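Please read the following account with the sequence and the model side by side, taking each residue in turn.

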Amino acid sequence: MKLIKNIQSTAKKVLEDEANSILKIIPLIDFEFESCVNHLLSSSGRLVITGIGKSAIIAQKIVATLNSTGTPSLFMHAADAIHGDLGMIQQGDNVMCISRSGDTPEIKVLVPLIKRTGTKLIAMVSNPSSYLGENADFILHALAEREADSLNLAPTISTTVALALGDALAVCLIECRGFSSKDFAKYHPGGALGKKLYLKVSDIYPNHELPTVKEHSTVKEAIMEISSKRLGATAVLKENEELAGIITDGDVRRMLNQYDNFTGLTAKDIMTISPKAVSPDDYAVEALQIMQEKNITQLVVIQDNKPLGFVHLHDLLKEGLI
């Protein structure tokens, strides 16, 4: 086994070469790129992305990004396309073919078949003068002068450039469509990311009983209510059932430090007035932000100044928001 004398230098050079290659394609973003984006925006069909080898893997990633951001897309392996998968292309679809050289045998077989369907062809190619480039309706110039390895063989720089250019295409489509976080949540309902975008306070607080006491309730009654509901707090209600304040574990500790005898104290005497609160329609992640900023573990949920429940930090932990 041949040992590399300086592994760190080799790794840094690869990263520098790939970073510089991405910088080199920035000036190549031109009117044709813009025309391609506008065409996709006005198209009623899907974007079918194809490639072979490592380009096929990059194609799959771009498809995944586009599908999750509002551009219906399909992956079609270039080799499988000439053995039946070409049938997935429907009227109104567009095809983007990813290839560094643009001159591989598979591409030369596939391109005429795509053109025969009447579909617009987008070439993501390093060499615009290649067979693929000359037959494309739009060219996304993914310039890759060489690969990162010393043999100039392993797809490295070329795939990095294609991946970055695909991201640029996706983000342009996002911006032009006015794609919002709510739109994004529709496509990402699972996991912590999705929950941050769609989970609301109203999805959480009904899981708990609402701890309440009246303003004139004794301190003992307030402590018992806090203990029984296990949320570390209780709402304190006025006679008209509106929120007067809350009592937390912290309020009880402060009371013990302040008073030697609390026999005659009521909930009103030790409660926190005008506590931080959220509404049922607020997003759970907004509740989390308030808790983190104020260094507290629960928030009272109110509507029309009446308490509905509590959201606890443990609920947000359980939902994977932290």
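**Cysteines, core and charged pairs**

In this predicted model, a search of the whole structure finds zero disulfides. C36 takes part in none, since the nearest cysteine sulfur, which belongs to C172, lies 10.0 Å away, and C36 itself counts as buried, at 0% relative accessibility. C172 is also the residue that holds the closest cysteine sulfur to that of C176, and here the separation is 6.3 Å, which is too far for a bond, because a disulfide requires the two sulfur atoms to lie within 2.5 Å.

In soluble globular proteins, nonpolar side chains tend to be buried together. The largest nonpolar core of this model has 28 residues, and the members that touch the most other members are I49, M96, M124 and L140. The elements that contribute two or more residues to this core are the helices α2 (31-42), α3 (54-68) and α7 together with the strands β1 (47-51), β3, β4 (120-125) and β5, and the largest share, seven residues, is supplied by α7. M96 gives a residue-level view of this packing: leaving out residues up to four places away in sequence, M96 touches L47, V48, I49, T50, I62, I122, M124, L140 and L169. Apart from this core lies another, of 18 residues, which includes I107, A123, V125 and A136.

What does helix α7 look like as an element, and which of its residues are buried? Helix α7 has 21 residues, and the distance from its first C-alpha to its last is 30 Å, close to the 30 Å expected at 1.5 Å a residue. Its buried residues are I157, S158, T159, V161, A162, L165, G166, L169, A170, L173 and I174. An α-helix has 3.6 residues a turn, so residues three or four places apart point the same way. The buried residues of α7 pack against the helices α1 (7-25), α2 and α3 and against the strands β3, β4 and β5. After the helix comes G178, whose phi is positive, near 65°.

K61 is found in α3 and counts as partly exposed, with a relative accessible area of 33%. Residues up to four places away in sequence set aside, K61 touches L163 and D167. By contrast, the C-alpha atoms of K61 and E18, which are 43 residues apart along the chain, are separated by 18 Å.

Within α7, which spans residues 157-177, S158 deserves a separate look. S158 counts as buried because its relative accessibility is 11%, under the 20% limit. Beyond its neighbours within four places in sequence, S158 is in contact with R100, A144 and E147. Two of these contacts, E147 and R100, are themselves joined, for their side chains meet in a salt bridge with an N to O distance of 3.3 Å. This pair links distant parts of the chain, 47 residues apart, with E147 in the loop between β5 (138-141) and α7 and R100 in the loop between β3 (94-99) and α5 (105-116).

How many salt bridges does the structure hold? There are nine. Side chains of opposite charge can pair when their charged atoms come close. In another of these bridges, the side chains of K115 and D137 meet at 3.4 Å, N to O. K115 lies in helix α5 and D137 in the loop between α6 (131-135) and β5, so that the pair links parts of the chain 22 residues apart. Both partners are partly exposed, K115 with a relative accessible area of 34% and D137 with one of 31%.

A further salt bridge joins K214 to E241, with the closest N and O atoms 2.5 Å apart. Because K214 lies in strand β6 (residues 212-214) and E241 in the loop between β7 (233-237) and β8 (243-248), this pair ties together parts that are 27 residues apart in sequence. K214 counts as partly exposed at 21% relative accessibility, and E241 counts as partly exposed at 37%.

Definitions and conventions:
Residues are numbered from 1 along each chain as its sequence is written. This is a predicted model: local features need pLDDT of at least 70, side-chain atom pairs count only at pLDDT 80 or more; totals for chains, interfaces and linings use all residues. Side-chain values use heavy atoms; hydrogens and water are left out. Helices (H or I, at least four residues) and strands (E, at least two) are DSSP runs, numbered from the N terminus. Buried means under 20% relative accessible area, exposed over 50%, partly exposed in between (1.4 Å probe, protein chains only). Contact means heavy atoms within 4.5 Å. A salt bridge is a side-chain nitrogen of Lys or Arg within 4 Å of a carboxyl oxygen of Asp or Glu. A nonpolar core is a set of buried Ala, Val, Leu, Ile, Met, Phe, Trp, Tyr and Cys residues joined through side-chain atoms within 4.5 Å. The expected span of a helix is 1.5 Å times one less than its number of residues.
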